[in-house]
Amino acid sequence: MDSFQRTQVKTLMDRLDEAPHQLIALFGPRQTGKTTIVRQALQQIELESRYLSVDEPDSYEIRVRLDTAVSTYPLKRERDAEWLVHHWEEARMEAERFGRGFVLAIDEIQKIPNWSDTVKGLWDADRARNCPLHVVILGSAPLLMQSGLSESLAGRFEAIHVSHWSLAEMAEAFDFDLAKFLYFGGYPGAARFVRNPDRWCNYILGALVEPNVERDILAMTRVDKPALLKRLFEVGAAHSGQIFSYTKMLGQLQDAGNTTTLARYLDLLSNAGLLAGLPKFSNRLFRRRASIPKLNVLNTALMTAGSGYSFNEAQADRSFWGRIVESAVGAHLYNSVGPDTRLYYWRDGSHEVDFVLQRGPRVIAMEVKSGIKNLNFRGIEIFNQRFRPYRSLLVGEGGIGLNEFLSVPAGHWFEET
């Protein structure tokens, strides 16, 4: 693992080799390696750098690599706009002193009140004086990061998205095979616990799910019913791979809320990288928005950790393992689609297509042979007649192997063959 680097490391290094025309923003779900990516890139570039974390303890010092000496910078206790300005101005002086540039990386920046307005003023001042300071910002609360960026810093940043780890990455870094990846998912920090099921479950539920739901999301936006949000995630993870109406959810949640609240909470969980509600494919936009969602965890560890199934028990239960397989396919598609591609499911009566990808006028229908149900091509046949897709794919036994499918991004299937 120590020598493994995600592709975002090279992307970040390339951006830092250019003149600083834009801020660089890394954002994505919790525990996907954003901090490691930045640290690995900073260790390999020629520019001097300073890494700051808003979450670090109060009584530590930052050590900066210089050609002639090592300097220390004591930090204030309170992480506020004044703290941010102080360290930005010091980095600015370093950049101008070196001439060729300097890199300031700030982790968990969203925890500084009004951070985006402060950054906007500092960045614009740097551009006015042509200061060669690169700034990299990181955050583990995607909605807040994106909100601050889009509202105050539009046109001033380039985003590098950090998604959940893929099968290929977990195989290279931790020697995961397909079965391990399907059950244990793509969280690098949890990989060291796979031989100890109790520690692994505690890590997933305690170090990932709980802070994501109870801290990150609540810090992003107003949530009137935090207990409902948490319960929605639990129910959604348990029913991953299933089409589940909001009315049915309300019955299981035993709450007097409404479907609009549930739809909003499901969007929050999706933006936090936990649970998505895929809309039904239709040629009419309003029908997509009003459709019953198909629930899908965005990392299969979120489904298995709270299931009560051990690794061996999960494989022995054909129905449950089938839902893991289908959820892994859905998570992979969701995590790897580009900004120009949308992911859906389709159903008409008893006829269903597991996943539908759309990029512009091109549509791809996908059926997963997962063990949940007897394979029935009637859904694909009706879909083909009605929508004339660019391509129809069978994923699993008799079609595209899971190893192959999970090793290429969703956009691969739109390429000419």
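Predicted model: local features only at pLDDT ≥ 70, side-chain atom pairs only at ≥ 80, totals over all residues.
Hi everyone, thanks for coming. Let me start with the rings. A pair of aromatic rings is described by the distance of the centres and the angle of the planes. In this model, the count comes to 19 aromatic pairs. One of them is Tyr309 with Phe320, a stacked pair with 4.3 Å from centre to centre and 10 degrees between the planes.

Phe320 counts as buried, because its value is 6%.

There is also an aromatic cluster, made up of Phe4, Trp165, Phe174, Phe176, Tyr183, Phe184, Trp200 and Phe311.

On to charges over rings. Arg97 lies over the face of Phe98, 4.9 Å from the ring centre. Lys294 does likewise with Phe355, at 4.3 Å from the ring centre.

Trp200 from that cluster takes us to helix α8, where Trp200 is buried. This helix covers residues 197-220, which is 24 residues. Its span from first to last C-alpha is 32 Å, close to the expected 34 Å. Where does α8 bend? At Asn212, by about 45 degrees. Asn212 is itself buried, and the buried residues of α8 also include Pro211, Val213 and Asp216.

That's my tour, and I'm happy to chat!

Conventions: Residues numbered from 1 in each chain as written. Heavy atoms only, no water. Phe/Tyr/Trp six-rings, centres within 6.5 Å; stacked < 30°, edge-to-face > 60°. Buried < 20%, exposed > 50% of the residue type's maximum accessible area, 1.4 Å probe, protein only. Lys NZ or Arg CZ within 6 Å of the ring centre and 35° of its normal. Helix = DSSP H or I, 4+ residues; strand = E, 2+ residues; numbered from the N terminus. Expected span 1.5 Å × (residues − 1). Bend = angle between axes of the 7 residues up to and from the residue.
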